[in-house]
Amino acid sequence: MIFFYDEHGEQKQFSVAADPVTIGRSSSADIQIDDTNISREHCVISYREGKHNITDLKSKNGTYVNGNKTGHAVLAIGDKIEIGTTVIMVQDAKGKGPSTLIREIQHEMQDEGKGYGTILREIVKDA
């Protein structure tokens, strides 16, 4: 699973299977991101031989994986892709386990001062 936050701060996610996914500003891109630092067709993510790959499409500002500029890279869980000012994360499609979710909720309650009602409303809104 691959996710990023759009220009409105909303989390977007997508998965790549048989067909490659093109990312860019253009309306012809599969994933459109409104970021002036991203080329019209910036990069493409594909799935081959059991691995996700990213290929820069000769973009003006480049494609970075874990801080390193790349023309092509094999992606792994936890990788951070930077295109323009947008950060795209690669995560395990299985999702978070119960222990992780409990830790995150405890953090939100202790450090951010959220109550159960607020957290539950956010969960329902995201579902």
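Accessible areas here come from the Shrake-Rupley method with a 1.4 Å probe.

**Figure 1. Overview of the predicted protein chain.** The model shown is a prediction. Its accessible surface comes to about 8,400 Å², and carbon and sulfur atoms contribute 49% of that area. The chain has 127 residues, of which 31% count as buried. It contains 2 helices and 11 strands. Read from the N terminus, the elements follow the order β-β-β-β-β-β-β-β-β-β-β-α-α. Among contacts in the chain with a separation of 6 or more, 26% are between residues 24 or more positions apart.

**Figure 2. The open sheet of 5 strands.** The strands lie in the order β4-β3-β5-β6-β9, with mixed pairing. The edges are taken by β4 (31-32) and β9 (72-75); each has a single partner strand, so one side of each is left without a neighbour in the sheet.

**Figure 3. The parallel pair β3 and β4.** Strand β3 covers residues 21-24 and pairs with β4 in the parallel sense over 2 bridges. I23 has I31 in β4 as its bridge partner.

**Figure 4. The hairpin of β5 and β6.** Strand β5 (residues 43-48) runs antiparallel to strand β6 (residues 51-56), and the two are paired over 6 bridges. Within this pairing, V44 stands opposite T55 of β6. The hairpin has 2 residues between its strands, and E49 takes a positive phi near 50°. In a regular strand, side chains alternate between the two faces of the sheet.

**Figure 5. The antiparallel pair β6 and β9.** These two strands are joined by 4 bridges. N53 stands opposite V74 in β9. Strand β9 (72-75) is at an edge of the sheet.

Figure 6. The T63 side chain makes a polar contact of 2.5 Å with the side chain of D56. A polar contact of 3.4 Å also links the side chains of T63 and H42. Leaving aside residues up to four places away in sequence, T63 touches H42, C43, I54, D56, N68, K69, T70, I81, E82 and I83.

Key: Residues numbered from 1 in each chain as written. Predicted model: local features only at pLDDT ≥ 70, side-chain atom pairs only at ≥ 80, totals over all residues. Heavy atoms only, no water. Pairing = 2+ DSSP bridges. Polar contact = N/O pair within 3.5 Å; in protein donor to acceptor, adjacent residues only side chain to side chain. Contact = heavy atoms within 4.5 Å. Buried < 20%, exposed > 50% of the residue type's maximum accessible area, 1.4 Å probe, protein only.
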